[in-house]
Amino acid sequence: MIELSFEFFPPKDQPGEERLWQELTQLRSLSPKFVSVTYGAGGSTRERTIRVTEEIGQRTGLDTVAHLTCVGSTQSELSEVLDSYKGAGIKEVLALRGDPVGGPLATWESTPGGFDHADQLVKLAVEKGLGVGVAAFPDLHPASNGNVELDLETLLRKEEFGATFAISQFFFEISSWERLMNQLEKAGSNLKLIPGVMPVTNVKQIVKFAQLSGTQIPDKTRTRFEAVAEDEKAVRELGVEIAAELCTQLLELGCKSLHFYTMNTAEATVKVCQSLDLGK
Ligand SMILES: Cc1cc2nc3c(=O)[nH]c(=O)nc-3n(C[C@H](O)[C@H](O)[C@H](O)COP(=O)(O)OP(=O)(O)OC[C@H]3O[C@@H](n4cnc5c(N)ncnc54)[C@H](O)[C@@H]3O)c2cc1C
């Protein structure tokens, strides 16, 4: 049985929230193991994020993994958010550093009384008795400057501090995934590594996301998208096809879980899962 999970972001306004509930209803029919909700960049949408995250769990009864970042918060504020999640019945969090306020490529700025790295947040969440997951980067974290060992060390330290699972950044090249998997295995890691899959729906958007997140778009994938770039429907169809190809490769390697970046829209994820007969 392949475990599916779906990622959402907190909508900016009321109409966005209404749409989210509709999309969630569709995705719920695929019986996900959990859904996860991102934490607003820069902590800017904090209140809404916390409310929507808690409400998803309450409305759907699905296990909800709440993302939390260190950006712009003191340790006691982070502690309060974790308490609030616990109080709302959330059992697991994804502990992240978050991107600098100026964007993923900007220099990190410390918050007085806050944390500078996700491993510190892992410790705090574990101390509170929460299950903790972290981020993993098949194409390496953009700040690692290609230093594979540094990325691995960072991940292993989080495991040492009590993280039990890692969700990966989206990627297109199966060899990147295999490298990370093999490295963790060689290091004796027990982290449950969940691949993050992004069904592309918009070429410009994915190129920007890839630049910001350090994800490599292989030439062959780029060429396929460029060939249909002017046709929105064809892009969406190709996005589903390419995501399904990646999922097939992951399943062939023995992956037992798939995490989809839904961008708050069910259609592409549902089509990928249907094409692979997943989620029954
Ligand atoms: C699955 C997933 C979900 C995400 N969800 C969100 C979200 O909801 N909201 C959001 O804003 N962002 C999110 N992000 C983006 C993430 O916050 C950024 O990629 C961020 O730049 C790094 O976060 P991290 O948790 O990996 O940070 P860290 O583990 O702190 O790593 C950041 C950098 O610091 C270095 N480092 C780490 N620990 C130490 C240490 N102890 N000493 C010295 N150097 C160290 C690392 O090598 C790395 O270069 C997500 C990413 C992924 C993959």
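**Close-up views of the predicted model**

**View 1. Lys 280 lies in the segment after α10.** Helices (H or I, at least four residues) and strands (E, at least two) are DSSP runs, numbered from the N terminus. The structure is a predicted model, in which local features need pLDDT of at least 70 and side-chain atom pairs count only at pLDDT 80 or more, while totals for chains, interfaces and linings use all residues. Residue numbers start from 1 along each chain as its sequence is written. Lys 280 counts as exposed because 10 other C-beta atoms lie within 10 Å. With C-beta atoms placed from the backbone, a residue is buried if 20 or more other C-beta atoms lie within 10 Å of its own, exposed if 12 or fewer, and partly exposed in between. The C-alpha atom of Lys 280 is separated by 8.1 Å from that of Ser 29, and these two residues are 251 residues apart along the chain.

**View 2. Leu 30 sits in the loop between α1 and β2.** The C-alpha atoms of Leu 30 and Leu 278 are 7.6 Å from each other, with the two residues 248 residues apart along the chain. Leaving out residues up to four places away in sequence, Leu 30 touches Leu 4, Val 270, Cys 273 and Gly 279. Contact here means that the C-beta atoms of two residues, placed from the backbone, lie within 7 Å. Leu 30 is partly exposed because it has 17 other C-beta atoms within 10 Å.

**View 3. Ser 31 and Met 263 are residues with positive phi.** Ser 31 is found in the loop between α1 (14–28) and β2. Its phi is about 50 degrees, although Ser 31 is not a glycine. Ser 31 counts as partly exposed because it has 13 C-beta neighbours inside 10 Å. Met 263 belongs to the loop between β8 and α10 (267–275). Met 263 is not a glycine either, and its phi is about 55 degrees. Met 263 is partly exposed because 19 C-beta neighbours lie inside 10 Å.

**View 4. Strand β2 is covered on both faces.** Phe 34 and Ser 36 are buried on one side of β2, and Val 35 and Val 37 are buried on the other. Strand β1 (residues 3–8) pairs with β2 in the parallel sense over four bridges. Two strands pair if DSSP finds at least two bridges between them. Ser 5 stands opposite Phe 34 of β2. From β1 the chain crosses through α1 to β2 in a right-handed β-α-β crossover. Right-handed means that, with the strands pointing away from the viewer, the path from the first strand over the helix to the second runs clockwise. Strand β2 (residues 34–37) also runs parallel to β3, joined by three bridges. In β3, Val 65 is opposite Ser 36, and Thr 64 is the bridge partner of Val 35.

**View 5. Eight strands form a closed barrel.** The barrel runs β1-β2-β3-β4-β5-β6-β7-β8, with parallel pairing. On average, neighbouring strands of this sheet are turned by 25 degrees against each other, direction ignored. Helix α9 (residues 232–252) packs on the sheet and touches β7 and β8, and its direction makes about 160 degrees with that of β7. Axes are lines fitted to C-alpha atoms, for helices over the stretch in contact, and angles run from 0 to 180 degrees between N-to-C directions.

**View 6. Strand β7 is joined to β6 and to β8.** Four bridges pair β6 with strand β7 (residues 192–197) in the parallel sense. The chain passes from β6 through helix α6 (residues 174–186) to β7, and this β-α-β crossover is right-handed. Phe 165 stands opposite Lys 192 in β7. Strand β8 (residues 257–261) runs parallel to β7 and is joined to it by two bridges. The bridge partner of Gly 196 is His 259 in β8.

**View 7. The ligand is surrounded by 23 residues.** The closest are Thr 38, His 67, Arg 97, Ala 118 and Ala 135. Two or more residues of the shell come from each of β3 (64–69), β4 (92–96), α4 (118–127), α5 (148–160) and β6 (165–170). The shell divides into 10 nonpolar, 10 polar and three charged residues. Ala, Val, Leu, Ile, Met, Phe, Trp, Tyr, Cys and Pro count as nonpolar, Asp, Glu, Lys and Arg as charged, and the others, Gly among them, as polar.

Key. A residue is near a molecule or strand if its C-beta atom, placed from the backbone, lies within 6 Å of it.
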